[in-house]
Amino acid sequence: LEGWQDNVTFPDLDAIDWTESAQGMEKYYDSNRMSDWWISIGPFERLHSLLGMENALVALIEDTDLVGEFFEAFTDYKVKLIKKLTTHYRVDMVCFHDDWGCNQNGFIPPAVFKKIFVPNMKKVVDAVHDGGAYFNLHSDGNIEQYIPDIVALGIDMWNPAQVVNDLAWIKR
């Protein structure tokens, strides 16, 4: 991950004509249905798409601060995207996609999750809520260890609540 600042480029969101694009979407809205916008590739998925899964998991532990810097820049980009969407389009819900686990457990050590995931996810959740929309977290796997943080972040819903999690405990 070292040197990512020189090798990772975020799209220029100001180069898009958001007004024209939004006008073209008007005919697709249905007043009887929510307008649900998917934002795929969250910070962890981007990290392992750049480094490979094994290297991403190692980086979370050995280069936590550097991963945190990358996550902060990535989050700033996603927040700007969310603000563009909620300003120009009808957005009732944002489904934010970032898989955090497998069938056995979560990928991210809890201390690392609290240090670099929670503050960045808080910015994303707040941007969605500030735009007047619900926040739907799509995260696969057994992520029940993160449920207290998910609740504290103000995440409105989680899908899919897979049966590898203790769903009765989560519901309580």
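Met34 counts as partly exposed, because its relative accessibility is 46% (buried means under 20% relative accessible area, exposed over 50%, and partly exposed in between, with a 1.4 Å probe and protein chains only). The structure shown here is a predicted model, in which local features need pLDDT of at least 70 and side-chain atom pairs count only at pLDDT 80 or more, while totals for chains, interfaces and linings use all residues. Residues are numbered from 1 along each chain as its sequence is written, and side-chain values use heavy atoms, with hydrogens and water left out.

Met34 is a handy place to begin a tour of the surface. Met34 sits in the loop between α2 (18–25) and β1 (36–39); helices (H or I, at least four residues) and strands (E, at least two) are DSSP runs numbered from the N terminus. Together with Tyr134 and Met157, Met34 forms a nonpolar surface patch with about 290 Å² of accessible area. Such patches are made of residues with over 30% relative accessible area and no salt bridge, like charges being joined within 9 Å and nonpolar side chains (Val, Leu, Ile, Met, Phe, Trp, Tyr) within 5 Å. The accessible areas come from the Shrake-Rupley method with a 1.4 Å probe, and for residues only the protein chains shown count as cover.

From the surface, the view turns to the interior. In soluble globular proteins, nonpolar side chains tend to be buried together. Here the largest nonpolar core has 47 residues, and those with the most contacts inside it are Leu60, Trp100, Phe117 and Phe135. Helix α5 (residues 64–88) gives the most to this core, with 10 residues. A nonpolar core is a set of buried Ala, Val, Leu, Ile, Met, Phe, Trp, Tyr and Cys residues joined through side-chain atoms within 4.5 Å. Not counting residues up to four places away in sequence, Leu60 touches Phe44, Leu47, Val67, Ile108, Val112, Ile116 and Phe117, where contact means heavy atoms within 4.5 Å.

Strand β3 (residues 134–138) is mostly covered, with 4 of its 5 residues buried. Its parallel pairing with strand β2 (residues 93–97) runs over 5 bridges; two strands pair if DSSP finds at least two bridges between them.

Asp14 and Lys80 meet in one of them, at 2.8 Å from N to O. Asp14 lies in the loop between α1 (4–7) and α2 and Lys80 in helix α5, so this pair ties together parts that are 66 residues apart in sequence. Asp14 is partly exposed at 47% relative accessibility, and Lys80 is partly exposed at 34%. Asp14, Lys80 and Lys84 are linked in a network of salt bridges.

Another salt bridge joins Asp149 and Lys114, whose closest N and O atoms are 2.8 Å apart. This pair links distant parts of the chain, with Asp149 in helix α7 and Lys114 in helix α6 (residues 110–130), 35 residues apart. Asp149 counts as buried because its relative accessibility is 11%, whereas Lys114 is partly exposed at 49%. Lys122 and Asp126 also form a salt bridge, with their closest N and O atoms 3.0 Å apart. Because these two residues are 4 residues apart in helix α6, about one helical turn separates Lys122 from Asp126.

Key:
A salt bridge is a side-chain nitrogen of Lys or Arg within 4 Å of a carboxyl oxygen of Asp or Glu.
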